Amino acid sequence: MTGMDVLFALSMAAVLTLAIRDLLRGLGELGPGGRGPGGQA
Amino acid sequence: MGVAALGQLLVMILLGVTSLATVLAVIGALRKREDLVRAAGWGTRAAGWLSVATALLLLRAILTHDFRIQYVAQYTDTSLPVFYLLTAFWGGEKGALAFWVTALALLSAVWARSRRGDGSPETGWALGVLSATTSFFLVLMVFASHPFETFSASGGPADGNGLNPLLQNPLMAVHPPPQLLGFIAYAVPFAMAFGALAAGRADGSWSRRARPWSLFAWGMLTAGLVVGELWSYLELGWGGYWGWDPVENAALLPWLTGTAMLHTASAEYRGGHLRRWNLALAGITFWLTLFATFLTRSQLIQSLHSFTGSALTPFFLWSLVVTAAVFGGLLARRWKTFAPRDAIVGWTSREAAVLAQIGLLLMMVFVVMWGTLLPKFSESPAVLGGMNRVLGAVAAITGREFVPLSGAIQVGPEWFNRVIGPLGIALLALTAVGPLLPNRASVGAEGRRLAWRTALIGVAVALGLLALLVGIRGRALAIVSGLSWARASWIYLSGLSWPGIYGLAAAAFAGMTVAVAAQDWVATVRARRRSAGESWRRAAGVVFRANPRRFGGHLVHVGVALTFLGYAGAAGKIVRKDVVLDRMDAVTLGGREIRFLGTAESWNPAENFGALQARFLVTHLGERPSSEAQDRLRAVLPAGVAVEPGDGAFLRVSFPDESRARAWWVRARAAAELAPSLSLMASDPSRCVLRLAPRIPGILRVVPESFQRMGEAIQAIGRDLGEGAISVSSGRRDPVWTVTVRDPEVFEALVEGLSGTGDPAWVAVRPVEGDAARVDVIPPGVGRLMTPEVRFYLRSENPTTEVAIEPGFWSDLYLAATPARGVGSVNLTAMDHPMMTVLWLGALVVLVVTAVLAWPLPAPVPGPVAVRQAEEVPS
């Protein structure tokens with residue numbers, strides 16, 4: 001594992017986490033129980 | 001899981017997310033379900049992150065030389081420097097597609113974030129368009145051109161093919177991102193226009209919010225065009241910067257309509273005018289970005305500027321048809337909803353000028369499209385037959401003789417220049433006049449008075465500039481011909497050809513544009529200073545911040561005027577000479593003398609190329625060596641030698657006898673011309689035999705002929721010594737030259753010269769013909785050395801040219817040279833390129849100001865700003 005490998009793994013993890021967070025927030029909006037306007041970070 | 005498999009999985013997930021977001025957004029917009037639209041917004045933002053992950057993965061595959069992946073093997077190799085590895089990301093079709101998807105997904109995510117919490121149908125439609133566009137490019141990727149595609153059975157090659165040498169240039173490496181970003185970013189204003197149209201929201205808010213996006217896209221497109229021009233000028237060696245190549249034309253098309261859109265957006269903002277034009281131009285511009293990509297696919301494929309088949313063609317054709325049909329249909333349906341708030345008042349209003357500008361720009365679009373497509377279409381026998389029938393019928397009616405077209409129609413740069421020239425001049429005239437014209441809100445007496453004053457100053461400046469230019473030329477003619485100044489000026493004026501007339505008109509209108517802009521700035525800043533008692537600098541800042549549209553616009557116009565001056569200068573009077581020169585031959589151009597000193601090799605193992613360099617000494621006509629240069633030369637010469645001024649840049653050195661002169665110039669030339677490329681392997685003083693081998697053996701791998709050239713350099717010295725003085729032969733197997741010298745003194749001089757390094761006391765040496773005791777020498781300090789070269793690459797058949805340019809404010813000296821392989825001569829293209837610095841300066845002004853304008857500005861400073869500030873009507 002070089003420094004580049006670690007940097008790459010960390011950035012991938014961060015980016016994918018953010019993607020999953022946004023997807024979950026999108027799911028949270030759906031339906032009558034959705035969070036309504038302003039349901040974002 | 002391997003990188004390739006992970007990449008393919010990520011691309012599939014990305015496609016799933018963008019497709020889902022499209023469906024949610026469209027249903028949300030149709031059913032007015034805010035939750036669905038908001039969910040689509042989050043999906044779009046998630047897609048942005050996922051696209052970054054995909055790009056990171058591809059970048060990693062490139063950086064770690066993962067040659068199992070086809071794209072990596074095709075466009076990189078292990079010897080490529082990191083910078084070019086990074087740029088290989090967009091160096092080929094698949095990578096460019098990945099860049100496209102990443103950038104579009106990211107821009108869409110940024111836009112979705114700017115509309116966060118908004119679940120309106122307008123936002124829904126826009127999100128739908130953005131996600132659908134991203135999905136379209138992802139479909140292309142998955143089904144036609146996958147960047148993560150691997151080699152089927154084997155593990156891939158041990159090393160890759162490397163990057164096209166033409167792309168191994170800093171300018172070309174950075175050219176695609178702004179160009180592609182310009183194309184991609186126009187999807188955002190298009191999506192916003194689509195949203196407003198579909199939702200029937202005619203308050204113009206879409207256009208206001210789209211402004212930074214339009215400016216960003218326009219700025220990027222401009223930067224892409226400028227970098228492309230600069231690259232063409234510096235690298236391609238054909239002597240120009242714009243060749244009306246299909247790829248250049250394709251990039252120009254959306255720029256033209258994008259320019260029109262910036263102005264219609266202002267018109268809509270000022271008074272709700274030209275609304276439908278604004279929408280239509282957003283649609284046309286986006287359509288043209290797709291069309292441009294389809295037309296050349298060069299941004300998406302490796303083969304530079306060529307029309308080769310690509311699997312993407314049918315996809316693009318369909319996207320063009322669908323986009324035109326859907327957007328056109330929508331515009332037609334909402335035609336009445338988006339009627340302008342007011343009719344345009346008279347033909348002297350600002351809006352009328354914008355309308356005229358749209359007309360001119362669309363005419364240019366038509367001309368460029370026609371000229372680009374006609375040669376392609378006329379390759380088809382059916383089209384050619386049809387055209388012959390139509391032309392034949394026209395000829396029959398008019399009674400003219402008709403010669404049928406036999407082959408595909410060729411449309412060259414001359415045609416484009418001839419047709420675009422007048423349109424460009426008209427556009428520049430509008431640029432000068434347009435800002436003077438009042439819009440509806442400011443038809444007050446004060447505004448009119450100021451406008452008239454500004455107009456008068458502008459016209460005066462334009463006429464003054466015209467008189468000055470004609471006067472300068474007339475004066476030059478008067479001196480040569482002995483006629484009176486006025487008469488010579490008249491003769492010059494009446495003998496002008498079209499490029500000259502365009503040049504003068506461009507200069508006049510450019511001067512007027514600058515004068516109008518300056519006058520408006522000065523008047524407004526002065527008014528502010530009077531009312532607020534501020535310093536010039538502060539007042540200028542306040543005035544700019546209070547009305548960036550107007551004053552930023554002025555600055556962009558000034559930049560455009562400067563580039564026009566550059567174009568006009570280039571169109572008007574490029575002096576070009578194409579010659580073949582032998583060593584020490586000279587050619588004169590624009591008051592300069594360009595003397596060919598010889599060729600030299602260089603070897604650059606880090607970047608895999610060897611270069612054949614042609615060395616030229618450029619002096620001004622009449623330039624002579626200084627007395628210090630003479631003294632320096634005297635100091636290194638033996639005693640009893642006289643130095644006196646010679647012909648031009650030469651000093652004439654007189655030796656006491658022929659043999660001393662000969663020994664001296666042989667040594668000097670061996671040091672200057674042979675030692676840099678040949679090293680002395682062995683010498684046999686008893687038989688006067690030398691064995692010489694190339695100093696850099698690597699060069700022979702890329703330019704085998706350079707061995708011949710080295711032999712020719714030895715023989716050239718032999719020729720100047722006289723018949724039979726030197727005999728030269730090469731080894732059968734080894735690249736070694738064997739030199740047999742008749743005269744021991746000459747032999748010694750050769751050995752001394754080859755053993756020493758080049759002497760700094762002279763630049764060039766030649767024996768005087770017919771006077772063997774004298775030698776002509778150019779000492780250092782006279783003129784400038786210019787060294788254009790041709791580069792040969794280990795991994796590519798195609799050499800590239802590196803031109804040499806001496807920039808100047810009024811004109812550049814441009815040299816492109818191809819050393820004739822194996823012999824001592826060179827093919828030189830020398831050009832006197834006027835106004836190039838002005839052109840680049842203008843482009844820089846445009847880019848910097850656009851960047852400032854696209855950046856969100858702080859809120860306007862309160863307080864009285866200017867007399868004419870009332871012009872701005874917030875809606």
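1. Let's start with what "in contact" means here: two residues touch if their C-beta atoms, placed from the backbone, lie within 7 Å. Keep in mind as you read that this is a predicted model.

2. Now try that on Ala506(B). If you skip the neighbours within four places in sequence, Ala506(B) is in contact with Ile425(B), Leu428(B), Phe564(B), Leu565(B) and Ala568(B).

3. Together with Ala185(B), it has the most contacts inside the largest nonpolar core, which has 184 residues. Helix α2 of chain B, residues 34-63, gives this core its largest share, with 16 residues. Another core, of 64 residues, lies apart from it; Trp665(B), Ala713(B), Leu815(B) and Leu828(B) are among its members.

4. Next, have a look at Thr337(B). You'll find it in the loop between α13 (313-333) and α14 (350-377) of chain B. Is Thr337(B) buried, exposed or partly exposed? It counts as partly exposed, because it has 13 C-beta neighbours inside 10 Å, while being buried takes 20 or more and being exposed means 12 or fewer.

5. What does Thr337(B) touch? Leaving out neighbours within four places in sequence, it is in contact with Gly200(B) and Ala202(B). As for Ile717(B), it sits 380 residues from Thr337(B) in sequence and 85 Å from it in space, C-alpha to C-alpha.

6. Finally, check where the two chains meet. Chain A puts 18 residues into the contact and chain B puts in 15. On the side of chain A that touches chain B, you get nine nonpolar, six polar and three charged residues.

Terms used:
Residues are numbered from 1 along each chain as its sequence is written. Chains are lettered from A and ligands numbered from 1 in the order in which they are written. This is a predicted model: local features need pLDDT of at least 70, side-chain atom pairs count only at pLDDT 80 or more; totals for chains, interfaces and linings use all residues. Ala, Val, Leu, Ile, Met, Phe, Trp, Tyr, Cys and Pro count as nonpolar, Asp, Glu, Lys and Arg as charged, and the others, Gly among them, as polar. A nonpolar core is a set of buried Ala, Val, Leu, Ile, Met, Phe, Trp, Tyr and Cys residues joined through C-beta atoms within 7 Å. Helices (H or I, at least four residues) and strands (E, at least two) are DSSP runs, numbered from the N terminus.
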